[in-house]
Structure formats: C-alpha cells, structure tokens
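The sequence and structure are shown first.

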Amino acid sequence: MVSFKLRNKNRLNSRGFSLLEVLVALGLLSGVGLIAAKILDMIQLNSKASARKEAQFQMQVKGVKLLKLQLKGLKKNQFDLNLFYKLGNGNTLSRNSTQLNGQALLSHITNPIAPLPTSVGPYLTSFLVRRKLGDRYLTYISTCLPLSNMLNTNSLNYNTLQKNNLWPFIRSTTNGYSVHCCLRSNPMCTNPVFNKNSNYGVQIFRFDPKDNSIRSILTKRDFESVSSIGYFIFSNQSNENILSARVFTFYNECISQRIVTGTAKQGCQDFLSVRSVQLTEDFDYAVEGVNSMGGSIGL
C-alpha cells in the first residue's frame, strides 16, 4: 500500500499544471497586484492629506502668534477709530466712528511712517497691525483681493492696499465663523469666501518702510495647503475694555488651483477645510494713558 501511494503521488507531480490552472493563478496574482496598487494609492493620498493638514495648521499657528504679539498693551489712541469696528446687539458689526462716508471712507489711509508710540495716530485699524523691528515698525494688512491678484504683488503698495474695495469681515455663526469680503461701509454684507465659486480670497501682506516693500504671507507653494489667511480685530459694545481678534485659514483645492494657474482642474476636490480662532485681550481706554503731547504712556 505504501509503495502504491508513492507512485501515484510521483505521477501527479510529474504531470505539472494545466493551462486553466495557470490562467487562474495568473488571474489571482493580477487581482492581488491591483489590490496592492490600490492600497498603495490610498496610503499615498492619506499621507498627502496629512501633510496638507499639518501645513495648514502651522500657517494657522503663525497667524495666531502674529496677532497675539500685537494685541498686548494696546490703547485706544493707537487706533484709527474711523476704521475700527465693534460688535453690537444681534451679532452685528459697525464702525466706532461714522465721520467718514462714501469716497472719503474708501480712500482713507493710515499713516505708515508715524513712529509708534511717540506720535499721534492714526495707526491701527480692524485690518492693520504693527510689530516693532529694530528702529522701525512692520505693518501687516489683512485684505480681500480677486483670486487673480492673490500672488501678484507687483502693482501693490501700502496706499493701494489701504484703498482696497473689499475687506475680510469674520463673523460668528452657529457653526463657527464665516468670512465675507465687504465694503467698509457695509460690514454685514453677504459675499462668502468659504465657497469654491468665490472670486475673492484673503491675504495678509507685510509692509516694510525701510525699502517700501510689500510681501505676501502666503507664497505660491503655500497655496498647496492654504487658499486664504486673514484676521479681523474689533471691540465689543457690551464690554469695550475687551479687544478681540479673529484669525482664520481656509483651504479648497479648486480655489487654490485658480489662484496659482487661473483655472481649476476638472475633478478638483470641493472639500472645504477651515480653521478659525478668536483671541481676546484687555483693551486700556484709560485717559491717563495719553500724555499732553498726544503720545501713549507706558507702552
């Protein structure tokens, strides 16, 4: 019996695989290869998405740090109240001062050279902050621009930026925050930025009086992970001793492609990724904070 079984086994092995068996095996291997390729694609996509989210997070942190540095120790006389907004009843925004209207409001410019804090304003607005660097102040401006101009800084200077038509009003909603590009005279307009069909984005520019240079915070490479970055500073009607600032970053693949190349590719992802935060700081309105020459004391 033993020798019979061995002979049958040897005979089976010597026969080899049939054509059908080979085809089936190849089909199985091909299927396994396709599955492996799909898994590899998924891993690469997840890795790319994770890297993009991290890059957006880091840009959000950069924006928050910038605003935190500016909010400490500010006083009322450092602001141009014509362009400083407050939050009123019903979650509505309005300017602290309504002295400027029409074309005067559109053309109003904050002095970029005045040496803070030793001379009288106007200095800061809801869209403009400053940071001391050596013997000069760097000015940061948060503004709305057409998508086609988000990377084009050649035609921009301090004056043209401040005469810009639309500004980023960051308003609270039941789902978080929304950003609308509105006229200074109409902060409650409906012109949402968080939309793949939006024609506007928000950019922060840095002005250096040393060489009158304008530099955008978001570079061409940054648009791979962030489509807009901006901030908005305001006071609160119910507690004017509190200064608030909202900072946001926003990403949409279709919009980023339109910014960089002018057109969105067919099949671009419509997913919206929004990060936003609100900062608060005590705002000193004390009259004794201003000396007889109009300058600030103790800053």
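The following paragraphs treat the overall fold, the disulfides and the pocket in turn.

The model is predicted. The protein chain contains 5 helices and 11 strands. Of its 299 residues, 40% count as buried, and the chain exposes about 16,600 Å², with carbon and sulfur atoms supplying 56% of that area. Among contacts with a separation of 6 or more, 64% are between residues 24 or more positions apart.

| Disulfide | S to S distance |
|---|---|
| Cys144 and Cys181 | 2.1 Å |
| Cys182 and Cys189 | 2.0 Å |
| Cys254 and Cys268 | 2.1 Å |

The link of Cys144 and Cys181 is left-handed, with -85° about the S-S bond. Because Cys144 lies in strand β4 and Cys181 in strand β6, the pair ties together parts that are 37 residues apart in sequence. Cys144 counts as buried at 1% relative accessibility, as does Cys181 at 2%.

The torsion about the S-S bond of Cys182 and Cys189 is about -90°, so this disulfide is left-handed; both cysteines are buried.

For Cys254 and Cys268 the torsion is about 100°, so the disulfide is right-handed. Cys254 belongs to helix α5, whereas Cys268 sits in the loop between α5 and β11, 14 residues apart. Both Cys254 and Cys268 are buried.

The largest pocket holds about 770 Å³ of space. Its lining comprises 25 residues, of which Lys48, Arg52, Glu224, Tyr251 and Glu253 are the closest to its centre. The elements giving two or more residues to this lining are α2 (19-71) and α5 (253-261), and α2 supplies the largest share, 8 residues. By type, the lining divides into 10 nonpolar, 6 polar and 9 charged residues.

Note on methods. Residues are numbered from 1 along each chain as its sequence is written. This is a predicted model: local features need pLDDT of at least 70, side-chain atom pairs count only at pLDDT 80 or more; totals for chains, interfaces and linings use all residues. Side-chain values use heavy atoms; hydrogens and water are left out. On a 1 Å grid over the protein atoms alone, a cavity is a set of points where a 1.4 Å probe fits but cannot get out, and a pocket is an open set with protein on both sides within 12 Å along at least five of seven lines; lining residues have an atom within 4 Å of a point. Grid points are joined across faces, edges and corners, and a volume is the space filled by probe spheres set on the points. Helices (H or I, at least four residues) and strands (E, at least two) are DSSP runs, numbered from the N terminus. Ala, Val, Leu, Ile, Met, Phe, Trp, Tyr, Cys and Pro count as nonpolar, Asp, Glu, Lys and Arg as charged, and the others, Gly among them, as polar. Buried means under 20% relative accessible area, exposed over 50%, partly exposed in between (1.4 Å probe, protein chains only). Contact means heavy atoms within 4.5 Å. Accessible areas come from the Shrake-Rupley method with a 1.4 Å probe; for residues, only the protein chains shown count as cover. A disulfide is a pair of cysteine sulfur atoms within 2.5 Å.
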